[in-house]
Amino acid sequence: MFNREKPYPGIFITLMCLLFMAVTGCSTSTTPQEYADNPIAQRETLTQISTIGAILDGVYDGVVTFGTLGQYGDFGIGTFEGLDGEMVGFEGSFYQLKADGIAYPVSDCMETPFACVTFFDADHQKTLPEGIDYEQLQQSLDELLPTENIFYAIRIDGTFSYMKTRSVPGQEKPYPPLVEVTKNQPTFEFEEVEGTIAGFRCPAYVSTVNVPGYHLHFLTKDKDAGGHVLNFTVREAVVYIDYTSEFLMILPGEGSDFYELDLTQSKQEDLEKAEK
Ligand SMILES: [Zn+2]
């Protein structure tokens, strides 16, 4: 791809990188090196960036890069700097499901203000009955799980006779609260679509820091579309569950708007409106 006759290919490549960073707004200087140098991730840990309360209050500045996030897990969901779409990741690749309905690959230097990741190892799997919807899936999984009091990473591979997702449009400062953004959220419907659902079931007691219950995102098999799951009907699918009993939170650093928030109140109503 590079012209080998250029006298200083190293400089050329460096300039191309700088140009790329300028165009994409990425800078490696914002990578929290202390995290990168200290990969404490365990395979049974759900690692979370920031809190859902911060997102509800419109704190959408990036906290860690996806390069760093990948050290804490190869599987997960979240969003992007400026709330620019829904994130879904599995098998070590992260995707950005933007408000135009298209899935984009995610580069290591992009940043996330909120994400949950783990290293996915299935502890349990089950073939799902044809015809069940999201509500019925939640009931049937709840009966299957050994306790409601730990975290579960959930992956579903299959074909869905119906799938409805949403995404969120990127925001400019001053950032509005999440409920304002989701009032005008674009939704997407698919029929007979093959793909992967990834996400988590969190215990009820995390309600101020994460989404209690199920929070799932979808990516088509062609990796070209998807979003935050609102509903679906299973045609043919298998669910894989990773029991996860360790929990790590990485909070925004000094200087972040996070430091100024009043997070003493529960925002359960806003959360219901924004996520369901
Ligand atoms: Zn979501």
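Aromatic pairs, then: a search of the whole structure finds eleven of them. To count, rings of Phe, Tyr and Trp (its six-membered ring) need centres within 6.5 Å; planes under 30 degrees apart are stacked, over 60 edge-to-face, and the rest tilted. This is a predicted model, where local features need pLDDT of at least 70, side-chain atom pairs count only at pLDDT 80 or more, and totals for chains, interfaces and linings use all residues. Residues are numbered from 1 along each chain as its sequence is written, and side-chain values use heavy atoms, with hydrogens and water left out.

Take phenylalanine 75 and phenylalanine 120. Their ring centres are 4.5 Å apart and their planes sit at 35°, so this pair is tilted. Phenylalanine 75 is in strand S3, residues 75–79. Strands here are DSSP runs of E, at least two residues, numbered from the N terminus. Phenylalanine 120 is in the loop between strands S8 (115–118) and S9 (124–128), so the pair ties together parts 45 residues apart in sequence.

Buried or exposed, phenylalanine 75? Buried, at 1% relative accessible area. Buried means under 20%, with a 1.4 Å probe and protein chains only. Phenylalanine 120 is buried too, at 17%.

Next pair: phenylalanine 160 and phenylalanine 232. This one is edge-to-face, 5.6 Å centre to centre, with 70° between the planes. Phenylalanine 160 lies in strand S10 (151–166) and phenylalanine 232 in strand S13 (226–244), so parts 72 residues apart in sequence are tied together. Phenylalanine 160 is buried at 0%. Phenylalanine 232 is also buried, at 0%.

Both belong to one aromatic cluster: Tyr134, Phe160, Phe190, Phe218 and Phe232.

Definitions and conventions:
Helix = DSSP H or I, 4+ residues; strand = E, 2+ residues; numbered from the N terminus. Buried < 20%, exposed > 50% of the residue type's maximum accessible area, 1.4 Å probe, protein only.
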